[in-house]
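Student: I've got a protein model open and I'd like to learn how to read its features. Can you walk me through some of them?

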Amino acid sequence: MRTVYIDCLGTPIGELCVAVSDGLALAVHRRSRVLEIARRYSPDVREGGEARELAEELHEYFEVGRASFSFDPAMPVNPLRAAVYSEVRGIPYGSAATYGEIARRVGTHPRVVGHALRRNEILILVPCHRVVGARGLGGFELGPRAKEILLNLERARKPLGDSLTTRGLSRV
C-alpha cells in the first residue's frame with residue numbers, strides 16, 4: 001500500500017491543496033476534492049511529506065512566476081483525455097489556446113475538450129485555465145474569476161524556469 005501525502009496553501013484564488021504519491025501529483029484542487037482523490041488512491045493519507053514540496057512550488061508559481069514543476073501529473077487512463085491533457089500541458093506559460101485549437105490537434109470536437117478539462121483534478125500542472133473559448137473565457141472548475149486571475153497573473157510575469165530557488169519566501 002502506498003502513502004498519499006497532502007498539503008494546502010493559500011493562493012489568490014483561495015485555498016488549494018495537493019495530493020502526491022511516489023513523486024506523482026495526484027491532485028491540485030480544493031481541500032474536499034483533494035481528500036476524496038487521495039482516499040481513492042490509498043487509505044493511508046498523511047499530511048506533509050512530498051506534498052509539502054509541491055505546495056512550495058505552487059507558492060512560487062503564484063508569487064514569482066514559477067513556470068514548471070518537479071512533479072508530473074497523474075494522467076488519465078482514457079487515451080483521449082490523456083491526449084487532451086498532454087496537449088494542454090504544452091501551452092506555454094502566459095499563453096492561451098482555444099478549445100477548438102486543442103480539439104484540432106487531438107482530432108476531436110471542442111465540446112469533447114471542454115468535457116475532458118471539466119474532469120481535470122490537477123489544476124495548474126495541467127493548466128486548463130489556459131484554454132479559452134473562441135468568443136470568451138470559457139469554463140473553469142473554480143469559476144471564471146479564478147480563471148481570469150490565473151491568466152492575468154501569468155501574462156503579467158516573466159516565467160521563471162526549473163532553476164528557481166526561492167525557499168526564502170514565506171507561504172501565504
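Tutor: Let's start with the sulfur bridge. The torsion about the S-S bond of Cys8 and Cys17 is about 100°, so this disulfide is right-handed. Before we go on, this is a predicted model: local features need pLDDT of at least 70, side-chain atom pairs count only at pLDDT 80 or more, and totals for chains, interfaces and linings use all residues. Residues are numbered from 1 along each chain as its sequence is written, and side-chain values use heavy atoms, with hydrogens and water left out.

Student: How many disulfides does a search of the whole structure find?

Tutor: A disulfide is a pair of cysteine sulfur atoms within 2.5 Å. The search finds one, and in it the sulfur atoms of Cys8 and Cys17 are 2.0 Å apart. Cys128 is in no disulfide, since the nearest cysteine sulfur, that of Cys17, is 17 Å away.

Student: Are Cys8 and Cys17 buried or exposed?

Tutor: Here's the scale: buried means under 20% relative accessible area, exposed means over 50%, and partly exposed is in between (1.4 Å probe, protein chains only). Both Cys8 and Cys17 are buried. Cys128 counts as buried too, at 5% relative accessibility.

Student: What about ring pairs? How many aromatic pairs does the structure hold?

Tutor: Rings of Phe, Tyr and Trp (its six-membered ring) pair if their centres lie within 6.5 Å; planes under 30 degrees apart count as stacked, over 60 as edge-to-face and the rest as tilted. The structure holds three such pairs. Take Tyr61 and Phe69: their ring centres are 6.2 Å apart and the planes sit at 45°, so the pair is tilted. Tyr61 is buried at 1% relative accessible area, and Phe69 is buried at 18%.

Student: And how are the rings of Tyr61 and Tyr93 arranged?

Tutor: Their centres are 6.2 Å apart with planes at 80°, so that pair is edge-to-face. It links distant parts of the chain, 32 residues apart: Tyr61 is in helix α2 (residues 50-64), and Tyr93 is in the loop between α3 (79-89) and β6 (97-98). Helices (H or I, at least four residues) and strands (E, at least two) are DSSP runs, numbered from the N terminus. Tyr61, Phe62, Phe69 and Tyr93 form one aromatic cluster.

Student: Last one: which residues is Gly138 in contact with, leaving aside neighbours within four places in sequence?

Tutor: Contact means heavy atoms within 4.5 Å. On that basis Gly138 touches Tyr99, Gly133 and Lys147. Gly138 lies in the loop between β7 (131-132) and α6 (144-156), and is partly exposed at 37% relative accessible area.
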